[in-house]
Amino acid sequence: MKIPIDPLKFIPLVTGIFTLWTKTMRFEMQGEFQSLIDCNKKRKPVILAAWHGELFSIAGGQNQVDLRFAVMVSQSKDGEFIARIIERLGHHTVRGSSSRGGVRALIQAKKMMEKDNDVVVVTMDGPRGPRHKVKDGIIYLAQKTGALIFPVRVFPEKTKVFEKSWDRFELPYPFTRTPIYIGEGMAVTDEKLDKEVLKREKKRLEERMQALKPIKR
């Protein structure tokens with residue numbers, strides 16, 4: 001009889017490996033990082049908009065700055081594992097996604113922004129894609145809270161890309177230079193978010209994400 005292995009038992013080990021791994025990476029904050037800091041200091045609500053495949057480097061970069069984050073994580077089993085690690089790293093999590101628990105997650109994220117001054121991190125194409133396509137939730141959250149959306153991209157110089165995963169997940173090599181690019185904050189329209197307006201706002205955000213490119217040395 002095989003005894004099932006509980007993956008949650010490995011969370012302390014995985015968290016330790018992740019911490020050591022990301023400490024070797026050479027993070028460089030570029031673009032509108034100071035604008036993001038200034039907004040947070042003034043207690044203005046802020047959302048970081050990221051792609052799911054770049055989550056490893058983004059999570060590592062979070063530990064390099066003096067900000068409190070709340071990361072939106074799906075309610076799946078994989079999401080539970082990720083959420084436990086994020087919480088052990090000292091950040092908050094918001095459980096829910098476009099496919100499950102979305103409304104409750106938006107309400108919880110709004111409370112964290114207002115009460116704890118958290119910077120909410122949203123992987124916009126998660127938890128299942130399609131890759132690099134913005135989903136509705138981040139637009140609704142930004143409008144309800146009046147938050148600025150700061151697009152963020154990460155371009156490690158050396159990385160392993162898992163081509164067969166839906167998000168082409170990126171695992172950066174230890175010791176690699178890892179620039180993090182923060183785009184200009186985007187304010188969402190105050191118009192009613194009907195189908196056409198929502199489509200337009202999502203396209204605007206996708207274009208801002210696409211515009212963030214690595215700076216060649």
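Which residues does Val152 touch, not counting residues up to four places away in sequence? In this predicted model, Val152 touches Leu48, Ala49, Ala50, Glu54, Ile58, Ile180, Tyr181, Ile182, Met209 and Leu212.

Val152 also belongs to the largest nonpolar core, where it is listed among the residues with the most contacts inside that core, together with Leu36, Leu48, Leu67, Phe69, Phe150 and Ile182. Helix H2 gives the most to this core, with 4 residues.

| Core | Number of residues | Residues named |
|---|---|---|
| Largest nonpolar core | 30 residues | including Leu36, Leu48 and Val152 |

Let's look at H2 itself. This helix spans residues 33-41, and its buried residues are Phe33, Leu36, Ile37, Cys39 and Asn40. They cover an arc of only 160° around the axis, so they sit on the same side of H2. What covers these buried residues includes strands E1 (26-31), E2 (46-50), E5 (119-123), E6 (148-154) and E9 (177-182). After H2 comes Arg43, with a positive phi near 60°.

Now for a pair of helices. The axes of H1 (residues 11-24) and H3 (residues 55-62) come within 10 Å and cross at roughly 80°. Because of that angle, H1 is roughly perpendicular to H3. At their contact, Phe18, Trp21 and Thr22 in H1 meet Phe56, Ala59 and Gly60 in H3. By class, this contact has 4 nonpolar and 2 polar residues, with no charged residues.

Definitions and conventions
Residues numbered from 1 in each chain as written. Predicted model: local features only at pLDDT ≥ 70, side-chain atom pairs only at ≥ 80, totals over all residues. Heavy atoms only, no water. Axes fitted to C-alpha atoms, helices over the stretch in contact; angles between N-to-C directions. Helix = DSSP H or I, 4+ residues; strand = E, 2+ residues; numbered from the N terminus. Parallel < 35°, antiparallel > 145°, perpendicular 65-115°, else oblique. Contact = heavy atoms within 4.5 Å. Nonpolar A, V, L, I, M, F, W, Y, C, P; charged D, E, K, R; others polar. Buried < 20%, exposed > 50% of the residue type's maximum accessible area, 1.4 Å probe, protein only. Arc of directions from axis to C-beta. Core = buried A, V, L, I, M, F, W, Y, C linked by side-chain atoms within 4.5 Å.
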